[in-house]
Amino acid sequence: MEKPIIFIKDTSLTGDSSREIQTQLLKVAREKGIEDLQVIRVADLGIYDKGVALKICSLDIIYVNVKLSDAEKIIQTTIKEGTPIEDLLLENQAMQTRIVLRNCGIVDPESIDDYISRSGYASVGKCLFDMTPETVIEEMKKSGLRGRGGAGFPTWMKWNLARGSFGDEKYVICNADEGDPGAYMDRSVLEGDPHSVIEGMIIAGYAIGASKGFAYIRAEYPLAIERVQKAIDQAYEKGLLGKDILGSKFSFDLEIRLGAGAFVCGEETALIASIEGKRGTPKPRPPYPSDRGLWDKPTIINNVETLANIAVIFQKGAEWFATIGTDKSKGTKVFAVTGKVKNSGLVEIAMGTPLRDIVFQISGGCFVPENKMIAVQTGGPSGGVIPEKNFDTPVSYEHLIELGSIMGSGGMIVMDEDDCLVDISKFYLKFCVDESCGKCAPCRIGGYQMLAILEKITAGKGTLEDITSIKRIAQGMQKASLCALGQTAPNPVMSTLRYFESEYLDHIEKKKCRAGKCTKLLKFTIVPEKCKKCRLCVTNCPVNAISGDREKGYTIDQEKCIKCGRCFDVCKFEAIARA
Amino acid sequence: MISAKINGITVSVPEGTTILDAAKKVNVKIPTLCKHPDLPATASCGICIVKVKGSNKMLRACCTPIEQNMEIITHDAEIVDVRRTVIELILSKHPNECLTCGRNGNCELQTLAADFGIRRDAFPNCVPDLKSDISTGTIVLDPRKCISCGRCVTVCQDVQNVWALSFLERGFDTRISPAGDINLGESPCVRCGQCSAHCPTGAIVENCEAPVVWQALQDPEKYCVVQIAPAVRVAIGEAFGFEPGANLTGKIYAALRRMGFNAIFDTNFGADLTIVEEATEFVTRFTTAPDKLPLITSCCPSWVDFMEKFHSDMKDIFSTCKSPQAMVGALTKTYYAQKKRLDPKKMFLVSIMPCTAKKYEIRRSKDMFASGVQDIDISLTTRELARMIKQAGIDFVNLPDEEPDYILGEYTGAGTIFGVTGGVMEAALRTAYDYVTGGKLSHVEFENVRGFSGVKEGTVQVGPHTVKVAVAHGLKNVEYVLNKVKEAKMTGKELPYHFIEVMACPGGCVGGGGQPYGVTDELRAARAEGLYDEDSRCVIRYSHENPHIKQLYSEFLGTPNGEKSHHLLHTHYIARPEYQR
Amino acid sequence: MVQLTRDDLKKVQPKIKAGQQYVKVGMSTCGIAAGAQEVFELFTKEIKQHDLNVVVTKTGCLGMCHAEPLVEVSVEGLPSVIYGRVNGEVAHRIIEEHVCGKRLVNDHIFDLPIRR
């Protein structure tokens with residue numbers, strides 16, 4: 001029999017009254033003769049902004065907004081009698097649904113036995129022995145699974161096209177070239193549960209008639225590569241890869257190919273070129289890879305997260321899978337929530353969960369509690385920002401597109417009032433400019449020119465015509481770029497213009513950056529009344545921009561100043577003004 | 001057949017036709033900067049975008065195959081606006097040096113900018129500071145003018161299989177360069193100039209040497225001689241508004257004479273001479289040294305360079321004959337000089353070639369100094385000559401025809417077809433037939449070596465012998481032929497061929513890298529037709545029957561493949577590294 | 001090589017059998033970057049030293065990357081608990097207090113986010 005244990009945590013933004021309640025609970029318990037009760041003040045309960053929260057471990061009951069006066073009732077009714085107190089129960093709590101991450105943090109990723117013992121490879125068995133490739137694809141269609149790499153193309157359709165294409169050999173490629181800044185869902189899956197991806201690839205291979213697969217993993221993921229390689233070796237060792245899998249007539253080989261770190265190689269045709277040993281640049285489609293892909297053979301390319309879903313679909317059934325999510329977006333989505341959020345980490349939610357729940361309930365809201373959250377960015381450099389006023393939007397492919405962003409691969413970056421949106425969009429655009437393959441003119445030159453304009457604006461040299469130019473270049477890039485990288489590169493800029501145009505205007509007209517991020521717009525001056533002439537700023541200035549003497553006082557030469565803020569930081573008398 | 005609607009007009013085209021090509025059928029011209037009719041689409045410029053009903057994206061017309069019942073809009077305000085933006089962006093990264101550019105007046109980017117009425121720099125100029133590469137001495141690569149369309153890379157890698165040019169760096173810094181950022185002179189470049197012939201802008205042009213020629217022409221001390229190659233005569237007219245393929249030999253002679261050349265010769269004479277030497281070489285090997293078969297032609301300098309770099313194991317079966325250009329060169333400064341009592345040192349020989357590699361050939365080894373001095377001083381391309389004629393104020397269109405000078409100017413029909421793929425083979429077979437059988441062909445045309453398929457194979461009955469021949473053009477097609485030879489040699493099987501002709505450029509010299517711009521297969525065919533037509537109208541169609549050739553041997557050379565011939569008209573090959581460092 | 005059959009799959013046993021006491025260390029890149037390797041080695045060493053019947057094993061990312069390194073501890077008589085921000089010192093305390101003393105280590109418990 002487990003000892004009664006209560007976890008306690010004050011989840012409010014300010015103050016901590018958990019200690020009083022802890023004492024009270026223990027006191028009441030002793031009075032009622034319960035000697036072995038433990039009340040543990042924990043670091044985190046996964047509940048936020050709901051006053052003092054309790055978790056009664058043995059009963060798996062969670063109470064929120066608990067007052068000192070509730071202690072009596074809790075001990076009597078719940079601990080002694082085992083009955084929940086309705087008024088205190090946690091309600092409407094956003095929950096994670098772990099399908100993709102079902103094994104992450106549970107199994108040992110280097111043990112195939114761990115994976116198999118949690119129904120691993122059972123779906124391969126089911127597909128190979130109980131189903132035809134056609135019924136496998138039919139089941140995928142019923143599940144409604146769509147590609148998790150960003151675009152959301154129905155997975156079954158991709159498979160069906162490749163199945164229908166003629167080829168003496170066909171290929172399955174796992175796209176593990178995760179490159180969005182701040183996104184690491186795929187890495188975590190590969191590192192935490194590599195067999196789930198391998199299993200998905202075997203099923204995909206069976207469905208389309210491929211006997212060879214490649215896992216295209218970026219070289220910057222050494223641990224993922226190591227674990228996937230170990231998993232592949234183990235699968236071969238057990239006859240789950242190679243000839244006659246599980247004693248069936250189906251054979252499938254799998255090997256790793258390393259990506260050299262070009263973001264554009266996440267694009268299907270560029271990825272194929274990279275595996276073929278060519279320069280990783282996109283090619284026009286058609287022909288689509290499902291028709292003529294790797295070495296001109298029919299090829300499907302599925303993202304890691306997509307593949308990790310597949311075994312579950314066959315294990316629990318497509319009908320079950322289709323109950324999760326929204327009408328057009330089925331299943332779950334893993335997000336890597338980062339930025340100005342209390343709990344950065346991986347979150348897997350059912351499609352349709354509102355953004356607000358992800359950001360506030362699951363991730364604990366703002367990192368700095370008193371700050372105001374202003375937006376989240378989804379879809380990485382191809383996505384856009386979603387302002388706080390739209391946080392009630394359910395997360396699904398369709399809804400995010402409506403807001404001018406995209407689902408993307410799952411990066412979610414939270415921004416608060418200390419972030420400058422012009423600066424953020426400049427960051428993303430710079431990423432795309434750096435990662436442009438250079439093949440097509442609109443992206444190659446358009447991105448560069450647009451970035452130059454943003455540099456100008458954030459340096460306080462922008463004009464209103466620049467906004468027109470940005471929109472013009474954006475239109476050119478969106479309409480005339482060959483691949484999605486160029487077509488979507490203006491998205492962060494366009495979405496910030498859509499929701500936060502006033503910030504751009506502030507930079508242009510008032511030469512002001514609200515968040516103080518655009519350092520070139522800052523001006524440091526010495527306030528003579530406060531200055532004690534200690535010369536600390538003078539000695540600390542890295543460019544000798546501060547001059548003067550004890551008689552006349554000191555001044556900052558604005559021409560020389562590089563806005564590093566060193567003087568502001570070192571001054572002990574608040575005599576440096578930052579504006 | 002697939003039918004679709006372009007701007008409301010119904011069009012019916014075979015399956016697989018692109019929107020761009022289908023539009024041409026209904027007289028709709030979709031602009032493009034990167035698609036060359038000769039090459040597969042690189043889809044890089046983003047200008048040929050069109051709208052397709054049902055798609056919210058704009059699609060590239062150059063690489064999107066038309067589908068049944070597609071409804072396409074090629075021009076509306078939005079499309080034109082996007083195109084204009086893209087052009088403006090491209091212009092922002094292109095130097096404003098039109099007036100001093102080698103492509104002034106025939107630049108595709110310039111034309112597009114003019115058509116779109118671009119009147120201002122919409123975006124700040126961001127031309128990178130990069131240096132020109134003139135290391136080959138034949139072509140000039142100015143990476144600043146490059147718009148990264150990829151045509152040169154495609155032609156260098158996929159058509160010519162040379163892989164001298166590739167894209168380096170990425171994103172905004174993308175540029176064309178040999179791998180490893182070495183210069184072209186140190187790269188595997190074979191100087192075929194196909195990159196320059198396909199470049200839409202002035203990023204790759206021939207190394208223009210006209211000023212040196214002008215200087216020589218003005219020098220009273222210099223005795224200036226010129227020769228023109230077969231393929232020049234049927235292409236230069238394109239620069240003056242003639243129909244492609246118009247044979248303008250007489251006008252070219254007249255123009256050169258007006259420009260001040262003292263003697264005007266024809267490389268076709270050299271071609272006839274080459275045939276006599278090469279046919280003799282072939283017959284000798286065929287009858288006495290079968291281990292030195294197949295004989296492989298050597299008149300194309302890019303092919304020679306390619307062989308020396310990539311297939312030097314073949315160097316012993318190569319024909320040792322110099323090219324017609326080099327033969328005329330050696331004879332001008334020996335035979336002709338002696339006849340005219342001229343000092344070879346004071347002679348200045350210019351050759352007009354359809355080719356950029358000829359600029360390299362004239363200095364490729366010490367064999368090119370057979371006369372004691374450099375045999376040929378300058379080699380100009382057809383494009384350079386066209387410009388010189390214009391500079392000289394010659395009304396080329398209305399010039400009367402003139403004749404070449406005695407003695408290196410007379411030629412036969414066999415000499416003139418050297419300018420087209422299969423021509424050397426055909427000319428050689430005519431003479432070889434005579435040499436072996438002592439008889440005449442009833443039908444001198446060898447149809448199976450004509451035409452533009454990449455590799456042409458056939459057999460020819462020469463008396464009791466069956467001669468197996470192959471003709472390849474476009475260097476990528478060489479591999480197929482050579483692999484068959486190598487395999488046979490390795491396994492000791494019967495040789496697949498006895499005689500192989502190779503021309504580096506697709507179509508042979510008519511499609512040479514120094515020819516007027518805008519080459520397509522139709523244009524190559526028209527130029528080839530111009531040559532075949534001249535051949536068919538010639539009275540003499542056997543090289544060895546050229547009376548001046550006969551005179552040359554009796555007066556000067558002695559016998560074909562004789563000692564003097566070997567000294568003046570033959571050369572040696574060495575293995576060269578693909579990369580010079 | 002062993003050629004497993006479909007039926008064999010059902011017989012495969014996990015590394016940690018039911019009822020077995022264990023310490024799982026989150027050892028994905030996020031964990032290792034925060035020091036999980038050291039923590040893992042420390043657990044292995046101390047458990048050997050104390051001769052405890054506890055399996056130490058690696059696992060993947062638990063999702064709460066902000067609190068790495070994460071360690072899940074399950075010993076008899078106590079609910080399975082996840083500790084976050086575990087360093088050498090905390091690991092030592094977990095062995096001493098939790099595994100040996102059957103008392104939870106306050107302030108380092110990061111309960112799993114609520115899941116379906």
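**Figure 1. Asp51(C), an exposed residue in a loop of a predicted model.** Asp51(C) counts as exposed because it has 7 C-beta neighbours inside 10 Å. Burial is judged from C-beta atoms placed from the backbone: 20 or more others within 10 Å means buried, 12 or fewer means exposed, and in between means partly exposed. Asp51(C) sits in the loop between helix H3 (36–49) and strand S2 (54–59) of chain C. Helices (H or I, at least four residues) and strands (E, at least two) are DSSP runs, numbered from the N terminus. Asp51(C) is not a glycine, yet its phi is positive, about 55°. Most residues other than glycine have a negative phi. The model is predicted: local features need pLDDT of at least 70, side-chain atom pairs count only at pLDDT 80 or more, and totals for chains, interfaces and linings use all residues. Residues are numbered from 1 along each chain as its sequence is written, while chains are lettered from A and ligands numbered from 1 in the order in which they are written.

**Figure 2. Asp244(A), a positive phi in chain A.** Here phi is about 45°, although Asp244(A) is not a glycine. Asp244(A) lies in the loop between H9 and strand S7 (253–259) of chain A. Is Asp244(A) partly exposed or buried? Asp244(A) has 13 C-beta neighbours inside 10 Å, so it counts as partly exposed.

**Figure 3. Two cis peptide bonds.** In chain A, the bond from Arg285(A) to Pro286(A) is cis, with omega near 0°. Pro286(A) is in the loop between helix H10 (268–275) and strand S8 (299–303) of chain A. In chain B, the bond from Tyr406(B) to Ile407(B) is cis, with omega near 20°. Ile407(B) lies in the loop between helix H12 (382–391) and helix H13 (413–416) of chain B. Most peptide bonds are trans.

**Figure 4. His94(B), a buried loop residue.** His94(B) lies between helix H2 (77–92) and helix H3 (108–115) of chain B. His94(B) counts as buried because 25 other C-beta atoms lie within 10 Å. Which residues does His94(B) touch, not counting residues up to four places away in sequence? They are Leu109(B), Val127(B), Lys145(B) and Ile147(B). Contact means that two C-beta atoms, placed from the backbone, lie within 7 Å. Val13(B) is 81 residues away along the chain, and its C-alpha atom is separated from that of His94(B) by 37 Å.

**Figure 5. Where chain A meets chain C.** Here 54 residues of chain A are in contact with 41 residues of chain C. Among the elements of chain A that each supply at least two residues to this side are strand S1 (5–10), helix H4 (122–130) and helix H9 (222–237). The chain A side holds 23 nonpolar, 16 polar and 15 charged residues. Ala, Val, Leu, Ile, Met, Phe, Trp, Tyr, Cys and Pro count as nonpolar; Asp, Glu, Lys and Arg as charged; the others, Gly among them, as polar. Of the two pairs of chains in contact, A and C share the most contacts. Chains B and C do not touch, and their nearest C-alpha atoms are 29 Å apart.

**Figure 6. Domains 2 and 3 of chain A.** Domain 2 covers 112–321 and domain 3 covers 332–416. These bounds come from an automatic or database domain assignment. The C-alpha centres of the two domains lie 27 Å apart. In chain A, 15 residues of domain 2 are in contact with 17 residues of domain 3. The domain 2 side has four nonpolar, six polar and five charged residues.
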